[in-house]
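Hello,

Here is the structure we talked about, handed over for your files. My notes follow below it.

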Amino acid sequence: MVLPKLHAFIDEAGQRSRSQKSSDHFVMSAVVVADADLPRAAAFLASLRTDLRRRPGDTLHWQNFKSHTDRLHAARSLGAQEWATISSVVVCKRHLPAGATRLNDDQAYLYTFRFLLERLSWLARDSGSVLEYTLAHVVRFKIAKLREYESILQAQDGTECRVAWPSLDPHGGRLAQPSGVEVLQCADLAASATYAGFNADRFGNTEPRYLQELSPRLYRRGLAPLTSYGLKMHPWNNSTKAAYPWVAAL
């Protein structure tokens with residue numbers, strides 16, 4: 001029997017590094033779309049380009065939306081798309097144990113990716129689907145590193161790693177540019193909107209409203225906490241719960 005296919009498009013916001021000078025947060029987000037709904041995702045991006053006064057075919061990047069109104073409209077519009085399911089991992093670097101800061105950039109990226117891949121595999125498993133995943137290409141990150149890490153995770157199956165491998169494409173993930181795989185632009189919107197809720201700007205302000213607009217699309221599994229599935233916080237302890245009390249209300 002051929003299982004229905006899901007596609008996860010993954011992008012990130014913030015810096016991978018965990019130095020004192022890097023961003024306080026690193027966010028990795030996936031927008032999951034059923035195979036049959038890919039045309040709806042493309043139509044959404046075309047409509048959003050029109051709304052934001054972009055040319056047909058322009059690549060949509062959150063960082064190029066200079067006004068709050070444009071960013072709010074983008075977040076609200078994505079949050080209204082019933083074909084989309086969003087899962088994000090938010091790494092709160094200043095709350096991590098001291099040893100975690102010793103990870104290099106690639107290790108920090110892949111460690112975050114593992115949390116996200118677990119959740120994507122659970123979503124596919126629960127829906128009786130098989131999921132393909134595409135990551136937005138990261139500077140100086142090669143596909144060989146992804147393949148090596150996938151192999152490491154498979155060797156940890158049932159111990160440290162809880163990925164539901166039978167629900168994932170056995171060929172592994174791929175790397176692509178948002179200009180070439182346009183639905184990655186939805187992942188850019190999701191990651192950047194989420195990031196704005198946690199990482200302060202140069203004036204010390206955050207903007208959780210964008211994430212609140214995305215909230216209807218966040219992956220929720222029964223009565224389980226959102227922070228276990230659609231918005232994985234790392235770490236999630238008394239310190240981070242006190243720092244981000246609004247998360248519980250999403």
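At roughly what angle do the axes of helix H1 and helix H5 cross? The model is a predicted one, and in it the axes of H1 (residues 38-51) and H5 (residues 184-198) cross at roughly 65° and come within 10 Å. On the H1 side the contact involves Phe44, Leu45, Leu48 and Arg49, which meet Gln185, Cys186 and Leu189 of H5. By type, the residues of this contact are five nonpolar, one polar and one charged.

Next, strand S2. The strand covers residues 25-34 and includes Val33. Val33 has a relative accessible area of 0%, so the residue counts as buried, the cut-off being under 20%. Beyond its neighbours within four places in sequence, Val33 is in contact with Leu6, His7, Phe9, Leu38, Ala41, Trp83 and Val183. Val181 lies 148 residues from Val33 in sequence, and the C-alpha atoms of Val33 and Val181 are 13 Å apart in space.

Last, helix H3. This helix runs over residues 105-126, 22 residues in total. From first C-alpha to last, H3 reaches 32 Å, close to the 32 Å expected at 1.5 Å a residue. H3 is largely enclosed by the rest of the structure, because 17 of its 22 residues are buried. At the start of H3, a side-chain oxygen of Asn104 comes to within 3.1 Å of the backbone nitrogen of Asp106. Following H3 is Gly128, which has a positive phi, near 65°.

Regards

Conventions: Residues numbered from 1 in each chain as written. Predicted model: local features only at pLDDT ≥ 70, side-chain atom pairs only at ≥ 80, totals over all residues. Heavy atoms only, no water. Axes fitted to C-alpha atoms, helices over the stretch in contact; angles between N-to-C directions. Helix = DSSP H or I, 4+ residues; strand = E, 2+ residues; numbered from the N terminus. Contact = heavy atoms within 4.5 Å. Nonpolar A, V, L, I, M, F, W, Y, C, P; charged D, E, K, R; others polar. Buried < 20%, exposed > 50% of the residue type's maximum accessible area, 1.4 Å probe, protein only. Expected span 1.5 Å × (residues − 1). Polar contact = N/O pair within 3.5 Å; in protein donor to acceptor, adjacent residues only side chain to side chain.
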